[in-house]
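Please consult the sequence and the structure while reading.

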Amino acid sequence: MADSSARPLPSDAGPSLPIVGKSDTKPTWCPGCGDFGVVAAIEMAVKRLKLPSQNVVIVSGIGCSSNLPHFLSSYGFHGIHGRSLPVAEGIRWANHGLTVIGTGGDGDGFGIGAGHFVHAMRRNVDLTYVTMDNQIYGLTTGQASPTSTMGAKTKSTPNGVIEQPIDPIALALASGATYVARGFSGDVKQLADLVAGGIQHRGFSFVDVFSPCVTYNKINTFDFFRQRVYKLESAGHNPADPVAAWQRALEWGDKIPIGLFYSVDRPTYEDLEEVLSAGPLAHQPAGLRSGDAVLDEFV
Amino acid sequence: MTELAVRVGGQAGDGIASIGESLARSFSRLGWHLFGLNAYQSVIRGGHVWFQARAADPRPYSQGDGADLLYALDKATVEIHAPSLRRGGSVVFDPEKFAVAESDLPAGIRAVPIPTLEIARKYTSQSILQNAGGIGALAYLAGIPLDTLHQVLADSFGKKKGEIVDWNLGASADGYRAAEKVGTPPATALRPRGSPKLLMNGNQAIALGAAAAGCKFLAQYPMTPASSIMHWMAAHSQSLGVVVKQAEDELAAIHMAIGASFAGVRSMTATSGGGFSLMVEALGMAGMTETPVVVVESQRAGPSTGLPTKTEQGDLNLMLGAGQGEFPRAILAPSHPADAYRATVQAFDLAERYQTPVLVASDLHLSENFFTVDRDEIDLHVDVPSLFVVPPNSPDYHRYQYTPDGVSPRAIPGQAGLQFVAGSDEHDEHGHLISDVKAGVPVWVTERQKMMDKRMRKLDGLMRSVPPPVLEGPASAPLTFVAWGSTIGAVRDAMVVLAAQGRPTNLLRFPAVYPIDPTAARTAFSATRRTLLVEANYSGQFGRLLRAELGVEVSDRLLKYDGEPFFPHEIVAKALDVMQHGGQ
């Protein structure tokens, strides 16, 4: 079993270690972008958990939302399009003492990166993945995304989208994620709770966030969501109940649930990888443990 | 030259490779250097597969030409391989399965009938035990003492005990004795020679080198001929303390390795050309974020799926050009497992020192065939310096600081007060993006150029750090072979044949195919009279590189792209043609 004490707990942080806050880089998002609410919620969550900047790594791909690691004072890896999760997994396995948060958009995570999304969840890697889902490609100036609504007219679909959108919550449930939530960047307080819950949860935590694009998506706006969202915690939903989670995941239309759909305890990948039981790989001694005996099999 | 080559052929599923490996291990235990060729097809059952163990003095580096002993598990094997047998050789077969008339064999080849199935039935109804009788007969003919064979067989069952081991020992002894009665060993049958050699294939050497170099994380997706790197490492994961991750695809594999490396762990991925094609974008990301990563590219015959179980050196252009834009890289090209071990160790050192991707170019011929290695050729004691070189909370720490050699101090997540973002976008010394609101603004235009220059300066250091070209053989020879990678093996063996014919040649080999120090390489070429490039691809990719990098034109080329490795006789014939008639 992995040494869970290797993970820095809030109480270990100590008064001398600076906790994660804003960096000196200002976001370059369009005024009014939903992603401002997401970075604010992540900052609130890590501050509440008193996570030291040095022990947090935020990993992203490419897209408007994937610039997020630059705006916080932790370590960051701003990689290439669709590949944030395998980088994040590699970081976790190299040092499971670190808190790893993946961030990105719907194109990054559910389009080009969909394969990695599914596999990271079935592995139950202990990281938190926050998607800023605006149902459009923003940085490339407005093409359809994997979550664009049927019929949505975009630059790449002038006659309307003719594919069913991916349902990220249902996909996460089907793929074995052990913490599945949906937030709305119009409700930063609840979103911060969901992200903090995800970070504290041992296992793969997925938080899909309605994060409207004010420039290119004229359908799924802040008003669209404000009129439709309701909170699962106020509706008597039991996140330990997988059947109820599926029922809520399938709800879409006039009423759209936000909050924690599902949470279950299951051993993490790091728990089950025996080599990690000796502590974080990055701190294990280099060189052959077995000495010259490793050559015996070749004689 | 003394040599003995033993060949075993049959269908996939017959257990050919394990017979071959046992024979090869018997030779290496007797102190012989050998080359073991594992020729197989992309099928799990059926088809035609064969294994050849060739022991020789001087040390063999290829499968050579021809064989002395053949154990045929089916009639097709006799038809395919009997013409390759040398005089004095024998064909071992079971007359219960098919007949072999000596009159149908080439002159001077004996038919040695061994009742392998009948022997097997003494012990079990499982017909696979016939192989034990066959291998016993072969051992007798090859000069392998029965107790040597028995020790090898017993070891091959590992900790397994009981009747299956006893059956194999019994049946192989029966086969040995049957051959004593009806067979005659060739004049070249082996005698014990000295202390045991190590027997390994290129992939095992690469995995071993990685472990010795402190690799703690290997992510890989199955693809022939690279898969056995993952198999070996996974089998030794616990004892070596290496996390082995079979990823969902090659995209994930290299990104996991880069992520682990970013977090302070020496990491590797391995694949063949198809998988490497998927890794191309990530390679550039490692270059841009200045994250070390070692990538093994074990080539097979392309294009596309190509010939999955056949060899080629066709991916050199791909390795040289992989990734959009420009970033520093090195490509090491070992020719032999001892070399592959050292190259892998060096790849980790270079990747970490220069914070950039380093490729180890193998191919099916090196990765999957067996070679002997002397124990002192494997130095397990590798110095792995600590990564934590920047003091915590260093004021004015810049991850991508401009430095004379282009190498900037690395901080590792977990270190206090050194936080930065590694960006695949262009960035400044701090790692801050200059790709969006700063792009094109004059001061940042200059920064972009400075950052490119900084990264590319590392190529100068790499050029001085990679092993230089090596001239083997007499300093002055009328013909110089030019080769890289596994092809060097057949060239070396051809040089032995040529020397025996009074035709001295030498070899200019390139342990690193990129970057090439032009001064050192031009000096090496200036000492040559006529050059013959030997390369396993259609267009002479390395020749093109030499032309581009050095302005050197090789005089003659021997190119092969039929999927088969070079045979020494092909190289000998071409060399003689060039020397006698001026070649093409």
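## The interface between chains A and B

In this predicted model, 50 residues of chain A are in contact with 57 residues of chain B; contact requires C-beta atoms, placed from the backbone, to lie within 7 Å. The largest share of the chain A side, 8 residues, comes from α2(A). By class, that side has 24 nonpolar, 20 polar and 6 charged residues. Here Ala, Val, Leu, Ile, Met, Phe, Trp, Tyr, Cys and Pro count as nonpolar, Asp, Glu, Lys and Arg as charged, and the others, Gly among them, as polar.

Strand β2(A) pairs with strand β15 (residues 421-423) of chain B in the parallel sense over 3 bridges; pairing requires at least two DSSP bridges. In β15(B), B:G423 is the bridge partner of A:H78. Helices (H or I, at least four residues) and strands (E, at least two) are DSSP runs, numbered from the N terminus.

## Helix α2 of chain A

Because 11 of its 11 residues are buried, α2(A) is largely enclosed by the rest of the structure. A buried residue has 20 or more other C-beta atoms within 10 Å of its own, with C-beta atoms placed from the backbone.

The axes of α2 (residues 84-94) and α4 (residues 114-123) of chain A come within 8 Å and cross at roughly 35°. Axes are lines fitted to C-alpha atoms, for helices over the stretch in contact, and angles run from 0 to 180 degrees between N-to-C directions. A:L85, A:P86 and A:E89 of α2(A) meet A:H116, A:F117 and A:A120 of α4(A).

## Conventions

Residues are numbered from 1 along each chain as its sequence is written, while chains are lettered from A and ligands numbered from 1 in the order in which they are written. In this predicted model, local features need pLDDT of at least 70, side-chain atom pairs count only at pLDDT 80 or more, and totals for chains, interfaces and linings use all residues.

Key:
Two residues are in contact if their C-beta atoms, placed from the backbone, lie within 7 Å. A residue is buried if 20 or more other C-beta atoms lie within 10 Å of its own, exposed if 12 or fewer, and partly exposed in between; C-beta atoms are placed from the backbone.
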